[in-house]
Amino acid sequence: QEQVSNALRYHYSNGFLEGINSQIKKIKNTAYGYRNWANFINRIFLERVWFRPLSKNTVN
């Protein structure tokens, strides 16, 4: 009951983050595998229009 009353009282939502998570899951499911982690992260940035390429030195 407390969770329901909090949901009605406060106007916070995690819908935006759930949308991002579903886009990342869709990218992961449609990919046949990326050569390295940086390529996967760059693909996420491309899909989210936040493109800033990661250098290969920052990801192990």
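The following legends describe close-up views of a predicted model.

Local features in this predicted model need pLDDT of at least 70, side-chain atom pairs count only at pLDDT 80 or more, and totals for chains, interfaces and linings use all residues. Residues are numbered from 1 along each chain as its sequence is written, and side-chain values use heavy atoms, with hydrogens and water left out.

**View A. Arg 43 in helix H3.** Arg 43 lies in helix H3, residues 37-47 (helices are DSSP runs of H or I with at least four residues, numbered from the N terminus). Arg 43 counts as partly exposed because its relative accessibility is 36% (buried means under 20% relative accessible area, exposed over 50%, and partly exposed in between, with a 1.4 Å probe and protein chains only). Leaving aside neighbours within four places in sequence, Arg 43 is in contact with Ile 27 and Tyr 34 (contact means heavy atoms within 4.5 Å).

**View B. The rings of Tyr 10 and Tyr 12.** Two aromatic pairs are found in a search of the whole structure (rings of Phe, Tyr and Trp, the last by its six-membered ring, pair if their centres lie within 6.5 Å; planes under 30 degrees apart count as stacked, over 60 as edge-to-face and the rest as tilted). Tyr 10 and Tyr 12 form a stacked pair, because their ring centres are 6.3 Å apart and their planes are at 20°. Tyr 10 is partly exposed at 43% relative accessibility, whereas Tyr 12 is exposed at 75%.

**View C. The rings of Trp 37 and Phe 40.** With ring centres 5.4 Å apart and planes at 50°, Trp 37 and Phe 40 form a tilted pair. These residues are three apart in helix H3, so about one helical turn separates Trp 37 from Phe 40. Phe 40 is buried, at 11% relative accessible area.

Methods
Helices (H or I, at least four residues) and strands (E, at least two) are DSSP runs, numbered from the N terminus.
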